[in-house]
Amino acid sequence: MSRSGLRIETTRYLQCTVMRASGELDHAGRVRFSACINAVWDWSDGPVLVFDLADLDFYDSSVIGVLAMAMQRMEEEGSGRIILVRPSDHLLSVLRLTDLLSHVELRDSVEETVAELMLQSGGSASPAPTRPSVIVHSGGRSAAERGAC
């Protein structure tokens with residue numbers, strides 16, 4: 001884990017970018033997560049960002065900051081979608097209280113979401129990622145990470 005205790009894994013598909021976060025999302029993690037979103041912004045048309053935050057052990061208001069930043073950029077650019085997979089009841093409650101819930105889509109599974117997006121775009125039902133398929137961001141900044149997020 002990094003100093004902030006956050007691990008971010010991004011997977012690039014033609015129709016979307018999946019971002020899985022685990023560990024602790026605090027202020028330091030928010031800065032890294034926001035930078036990572038900006039780095040992968042053009043990986044899919046729209047973009048379509050799929051967030052799997054179910055493995056976060058801890059998060060504070062920083063999670064709202066990350067999502068709000070992406071929503072604001074999408075609004076400014078006039079396109080994009082945010083899909084949350086398996087959000088906790090607590091996160092749903094916070095999103096409802098901050099009036100952000102109406103700006104996201106909710107799903108139960110990353111795999112089903114990717115398959116659904118592929119079918120909507122007329123692609124095959126096999127959700128094969130493009131290259132690079134998975135980039136993991138945790139602790140420090142390795143040479144491989146500096147090129148992506």
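A residue counts as buried when its relative accessible area is under 20%. By that criterion, 46% of the 149 residues of this protein are buried. The model is a predicted one. Its exposed surface comes to about 7500 Å², and carbon and sulfur atoms supply 50% of that area.

The protein is built from 5 helices and 6 strands. Read from the N terminus, the elements follow the order β-β-α-β-α-β-α-β-α-β-α. Contacts can also be sorted by how far apart their partners lie in the sequence. Taking the contacts between residues at least 6 apart in sequence, 67% join residues at least 24 apart.

One helix pair can be followed in detail. Two packed helices are described by the angle between their axes and the distance between the axes. For helix 1 (residues 27-40) and helix 2 (residues 62-77), the axes come within 9 Å and cross at roughly 25 degrees. Angles under 35 degrees count as roughly parallel, and helix 1 and helix 2 are therefore roughly parallel to each other. Their crossing is right-handed. On the side of helix 1, the contact is made by His-27, Arg-30, Phe-33, Ser-34, Ile-37 and Asn-38. Helix 2 contributes Ser-62, Gly-65, Val-66, Met-69 and Arg-73. Sorted by class, the residues in this contact are 4 nonpolar, 5 polar and 2 charged.

Apart from neighbours within four places in sequence, Glu-105 is in contact with Arg-81, Ile-82, Ile-83 and Leu-84. A C-alpha to C-alpha distance of 8.5 Å separates Glu-105 from Val-85, and the two are 20 residues apart in sequence.

Along the chain, Glu-111 and Val-18 are 93 residues apart, while their C-alpha atoms are separated by 9.9 Å.

Notes
Residues are numbered from 1 along each chain as its sequence is written. This is a predicted model: local features need pLDDT of at least 70, side-chain atom pairs count only at pLDDT 80 or more; totals for chains, interfaces and linings use all residues. Side-chain values use heavy atoms; hydrogens and water are left out. Axes are lines fitted to C-alpha atoms, for helices over the stretch in contact, and angles run from 0 to 180 degrees between N-to-C directions. Helices (H or I, at least four residues) and strands (E, at least two) are DSSP runs, numbered from the N terminus. Angles under 35 degrees count as roughly parallel, over 145 as roughly antiparallel, 65 to 115 as roughly perpendicular and the rest as oblique. A crossing is left-handed if the near helix is turned anticlockwise from the far one by less than a right angle, and right-handed if clockwise. Contact means heavy atoms within 4.5 Å. Ala, Val, Leu, Ile, Met, Phe, Trp, Tyr, Cys and Pro count as nonpolar, Asp, Glu, Lys and Arg as charged, and the others, Gly among them, as polar. Buried means under 20% relative accessible area, exposed over 50%, partly exposed in between (1.4 Å probe, protein chains only). Accessible areas come from the Shrake-Rupley method with a 1.4 Å probe; for residues, only the protein chains shown count as cover.
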